[in-house]
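Below are my notes on the model, as numbered points. Please read them with the structure open.

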Amino acid sequence: MSYGPRSGLAAVSSALLAMSRHLEVRDVLKTIVASARELLDAQYAALGVPDDHGGFAQFVVDGVSEEQWKAIGPLPRQHGILAAMLHEARAERLADVRKDPRFEGWPKAHPDLVDFLGLPIRDGEEVIGALFLANKNCKKPEGSCGFTQDDEELLGILAQHAAIALTNARLYERSRELTIAEERSRLAHELHDAVSQKLFSLRLTAQAAARLVDRDPSRAKGELQQVAALAAEAADELRAAVVELRPAALDEDGLVATLRTQIQVLDRAHSARVTFTGHGVKALPASQEEALLRVAQEALHNALRHSGADHVDVTLDRRDGGAVLRVTDDGSGFDPQAVRRAGRHLGLVSMRDRASGAGGRLTVESAPGKGTTIEMEVPGG
């Protein structure tokens, strides 16, 4: 066998090692498509992980810029040649994908694909993805495919290892989710026990003070001092629990990666398109990162549950030494002047409290029928 510019066993070994190095599913997918495109010397590569509703839970491309990808629009559906790879579980090698009878066109901004090589990624009998390449970088005689049988065999090897890497990454993420859930359950039990005991003592002491207030004011005063001490202890217990309940992903992955992951999940779970862009944001104080995450979650919940938006866009940008979060939707909007009524319904009061508690500020722009933009800025450390 002979391959493209990075030919040989060393190049194949490098690609396989890169796949196995990552534990996050998204990173594994990106490594697979980048490795495939480089090894087979193609202009474009893509990998789609199907969902159960005729679409793709994840779709990763290589060779397309971020601007091009945004211009292309929504993820493809499972149709045409993609559907054949997923449902018939066979390789497809075509001289001109546009001339295949199954070809159904693509969006206006989509790059022009000609020669095509694709095959399913399988875990046993289950097809867990479709990997394909297009536009081989070589001279092609009229009507012939630039991709060869050797290319198909090499892509088959990559697909086998991709299945292993993807399955391992899924198991890792599931294991981490279970660990986090177990830890939160433990903390909830501890919080319940500790605070319940304090509140029970608080209640008894307050009742005693009420009985003594007329006949023995000095003893009642002592009981009330005990009430104050117990209330302070209960508050300390709550504060300690809140600190422990800081989202685990923030500590492990950082704010940008945590937001990106959560927004990818929301994008798959809702009919609205949910997008995220982060630019140059460095690590912030823990209190600010958590406040930004909580405000983003609240704003996303409002946009997806109440506004009827078709598109929600989240950006996180560096500003001076701090950061600014912006959540914009094209939904129904509301009248910001009706703050008392709308503010409580949409959680704006708690969002403002979180922003000010982290040393930042929150601004809201909205109008009926004009969508909503919620912006939070923090100064950094």
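1. Helix 4 has these buried residues: G80, I81, L82, A83, A84, M85 and L86. Buried here means under 20% relative accessible area, with exposed over 50% and partly exposed in between (1.4 Å probe, protein chains only). Helices (H or I, at least four residues) and strands (E, at least two) are DSSP runs, numbered from the N terminus. Seven of the eight residues of helix 4 (residues 80–87) are buried, so the helix is largely enclosed by the rest of the structure.

2. On provenance: this is a predicted model, in which local features need pLDDT of at least 70 and side-chain atom pairs count only at pLDDT 80 or more, while totals for chains, interfaces and linings use all residues. Residues are numbered from 1 along each chain as its sequence is written, and side-chain values use heavy atoms, with hydrogens and water left out.

3. What covers the buried residues of helix 4? The cover includes strand 1 (42–50), strand 2 (56–62), strand 3 (92–94), strand 4 (116–123) and strand 5 (126–136), where contact means heavy atoms within 4.5 Å. Helix 4 lies across these strands and runs at about 140° to strand 5. Axes are lines fitted to C-alpha atoms, for helices over the stretch in contact, and angles run from 0 to 180 degrees between N-to-C directions. Just after helix 4, A89 takes a positive phi of about 50°.

4. Five strands make an open sheet in the order 2-1-5-4-3, with antiparallel pairing. Two strands count as paired if DSSP finds at least two bridges between them. Strand 2 and strand 3 are the edge strands, each pairing on one side only. Neighbouring strands of this sheet are turned by 15° against each other on average, direction ignored. Six bridges link strand 1 and strand 2 in the antiparallel sense, and P50 stands opposite F56 in strand 2.

5. Another open sheet has five strands in the order 6-7-8-10-9, and its pairing is mixed. Strand 6 (273–279) and strand 9 (361–366) are at the edges with a single partner strand each, so one side of each is left without a neighbour in the sheet. Neighbouring strands here are turned by 10° against each other on average, direction ignored.

6. Strand 7 (residues 311–319) and strand 8 (residues 322–329) run antiparallel and are joined by eight bridges. The bridge partner of D317 in strand 8 is V324. Helix 8 (residues 255–269) packs on the sheet, touching strand 6, strand 7 and strand 8, and its direction makes about 165° with that of strand 6. Helix 11 (residues 348–357) also packs on the sheet, touching strand 9 and strand 10 (372–378), at about 145° to the direction of strand 9.
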